[in-house]
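Keep the 3D view open as you read.

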Amino acid sequence: MHVRYLRRLCVSICVSIGLAGAAMPGRADEPVEVVEAVGAPASKEEKQGWIDRILTKLGASDAVDVSQGIDWGVLPGPFYNPEMGFGIGAAAIGLYKPGNAAEETQLSTLSIRGFGTVKGAYGISIENNTFFADDSYRFLIEADLINMPTAYWGIGYGSAIDNANKEAFTRKEVVLQPKIMMRVRPNIYVGAGWSLQYDDAVKLERGADSKLATDPHGPRVLSSGVSAHFSYDTRDFIPNPYRGESLLANVTVYRRELGSDTDMENVELTFNKYFRMRERDVLAFDAYANMNWGDVPWDMMATLGNNKRMRGYFSGQFRDKVMAGVQAEYRWHIAGRQGMVFWLGTGAVSPNVGALFRGHWLPNGGIGYRFEFKPRVNVRFDAGVGRNTKGVYFQINEAF
């Protein structure tokens with residue numbers, strides 16, 4: 001990493017941290033069972049099986065105890081996906097309430113995920129949703145630090161379907177995205193944030209002849225910009241909604257004056273709808289669009305395939321300025337802490353919005369297992385398939 005990139009990266013991080021520090025100290029229609037009074041928990045006289053004893057030591061529980069601050073749980077698990085191969089991940093989930101949170105305010109969540117794979121990939125991701133007062137204010141942050149051997153096909157559907165274009169490289173990535181949301185009307189929030197992403201493509205398989213080495217933006221890209229956010233949100237619990245809907249719109253403007261290598265704009269739209277079918281069964285719908293304009297570098301192109309959407313596709317194989325997708329998922333509560341999901345979806349990439357509707361829409365489907373590690377907090381194992389591809393994912397919380 002060159003000195004000038006280090007300097008610009010540090011400046012952008014400082015701005016982001018300053019924004020996060022300005023967060024002000026959000027209501028669940030159906031709160032989970034929470035223990036807030038300080039005191040010794042009641043002892044369990046009944047005998048536990050060895051699996052239950054292990055899960056209890058890892059933090060699994062039937063109720064959330066926030067009397068000591070954050071109620072933590074940790075769970076390791078295997079996974080496989082096309083870009084990283086087989087690996088082991090560990091997910092820690094913390095549930096808490098800020099000191100000024102109202103009794104009916106939904107629980108805040110802090111998720112920390114780490115992983116390592118046989119291909120040499122490793123990384124850590126953090127996702128935090130904090131709800132203050134009567135959910136009048138929300139502070140949300142996502143951060144990633146990743147080293148991942150992967151592959152690059154080029155830009156566009158035509159490049160992605162030709163394996164002659166595939167070339168291996170290692171992606172070193174830093175992402176930091178904090179934002180603050182304020183309720184302006186019932187269930188309506190507006191806010192502002194910062195988006196920072198740094199990517200460095202190293203160990204290029206084709207060396208100086210690599211498409212990344214000859215790309216006008218080069219193999220090393222820093223993107224930094226300010227963001228504006230709109231949210232209409234009636235979900236009862238964001239990590240695992242039983243009912244409600246949400247419409248999210250994020251607009252980010254990247255400029256050289258803000259430390260970015262290029263001038264570009266990004267608009268991200270998400271619509272989710274949840275129907276409660278039985279006591280704990282849910283039918284969930286997700287529609288998503290990611291659109292870019294301006295001088296868009298290779299690493300900021302919209303991509304198809306990750307652990308939330310188009311599960312099973314190689315992340316980054318299909319990339320272009322615009323990506324859109326839809327999916328429907330049935331979440332079946334079997335018994336106790338056990339559950340399964342089934343989903344179908346489709347998605348496409350294109351050079352612009354107009355071309356999207358006549359583009360090549362790819363199929364996607366899959367099945368998943370759910371274990372309720374803590375009330376309304378699921379550990380998920382998802383097996384997704386697509387056109388000539390498949391992947392298995394281990395994550396905390398629902399995909400959407």
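A polar contact is a pair of N or O atoms within 3.5 Å, and within protein one must be able to donate a hydrogen and the other to accept it. With that cut-off in hand, look at arginine 138 and aspartate 233. Their side chains are joined by a polar contact of 3.0 Å. Keep in mind that this is a predicted model.

The pair is also a salt bridge, with the closest N and O atoms of arginine 138 and aspartate 233 being 3.0 Å apart. It links distant parts of the chain. Strand S7 itself covers residues 137-152. Are the two partners buried or exposed? Arginine 138 counts as buried because its relative accessibility is 6%, and a residue is buried under 20%. Aspartate 233 is buried too, with a relative accessible area of 3%.

Step back to the whole chain. It has 400 residues, and 52% of them count as buried. Its secondary structure comes to five helices and 20 strands. The chain exposes about 17,900 Å², and carbon and sulfur atoms supply 61% of that area.

Now to the other charged pairs. Side chains of opposite charge can pair when their charged atoms come close. How many salt bridges does the structure hold? The count is 23. One of them joins arginine 255 and glutamate 265, with the closest N and O atoms 2.8 Å apart. Arginine 255 lies in the loop between strand S11 (244-254) and S12, and glutamate 265 lies in strand S12, so this pair ties together parts that are 10 residues apart in sequence. Arginine 255 counts as partly exposed, at 26% relative accessibility. Glutamate 265 is also partly exposed, at 26%.

A further salt bridge is formed by the side chains of glutamate 398 and arginine 370, at 3.0 Å from N to O. Glutamate 398 lies in the segment after S20 and arginine 370 in strand S18, so the pair ties together parts that are 28 residues apart in sequence. Glutamate 398 is buried, with a relative accessible area of 8%. Arginine 370 is buried as well, at 4% relative accessibility. Both belong to one network of salt bridges that share partners; its members are Arg311, Glu329, Arg331, Arg370, Arg380, Asp382 and Glu398.

Strand S12 (residues 264-276) also holds arginine 276. This arginine is partly exposed, with a relative accessible area of 31%. A polar atom of its side chain lies 2.4 Å from the backbone oxygen of glutamate 279. The C-alpha atoms of arginine 276 and tyrosine 242 are separated by 5.8 Å, although the two residues are 34 apart along the chain.

Rolling a probe the size of a water molecule over the atoms shows where empty space is left. The second largest cavity has a volume of about 170 Å³. It is lined by 16 residues, and the closest to its centre are Asn240, Tyr242, Arg280, His333 and Asn378. Strands S16 (322-335), S17 (338-350) and S18 (362-374) each supply at least two residues of this lining.

The second largest pocket has a volume of about 290 Å³. Its lining has 16 residues, and Gln317, Phe318, Arg387, Asn388 and Thr389 are the closest to its centre. Two elements give two or more residues to that lining: helix H3 (157-160) and strand S20 (389-396).

Methionine 310 has phi near 50°, a positive value in a residue other than glycine. It is found in the loop between strand S14 (302-304) and strand S15 (318-320). At 4% relative accessibility, methionine 310 counts as buried. Arginine 376 has phi near 65°, again positive in a residue other than glycine. Its place is the loop between S18 and strand S19 (377-386). Arginine 376 is buried, with a relative accessible area of 5%.

Met182, Val184, Val190, Phe230, Leu247 and Phe271 make a nonpolar surface patch of about 450 Å². Among them, methionine 182 is in strand S8 (residues 167-185). Methionine 182 counts as partly exposed because its relative accessibility is 38%.

Conventions:
Residues are numbered from 1 along each chain as its sequence is written. This is a predicted model: local features need pLDDT of at least 70, side-chain atom pairs count only at pLDDT 80 or more; totals for chains, interfaces and linings use all residues. Side-chain values use heavy atoms; hydrogens and water are left out. Patches are made of residues with over 30% relative accessible area and no salt bridge: like charges are joined within 9 Å, nonpolar side chains (Val, Leu, Ile, Met, Phe, Trp, Tyr) within 5 Å. Accessible areas come from the Shrake-Rupley method with a 1.4 Å probe; for residues, only the protein chains shown count as cover. A salt bridge is a side-chain nitrogen of Lys or Arg within 4 Å of a carboxyl oxygen of Asp or Glu. Helices (H or I, at least four residues) and strands (E, at least two) are DSSP runs, numbered from the N terminus. Buried means under 20% relative accessible area, exposed over 50%, partly exposed in between (1.4 Å probe, protein chains only). On a 1 Å grid over the protein atoms alone, a cavity is a set of points where a 1.4 Å probe fits but cannot get out, and a pocket is an open set with protein on both sides within 12 Å along at least five of seven lines; lining residues have an atom within 4 Å of a point. Grid points are joined across faces, edges and corners, and a volume is the space filled by probe spheres set on the points.
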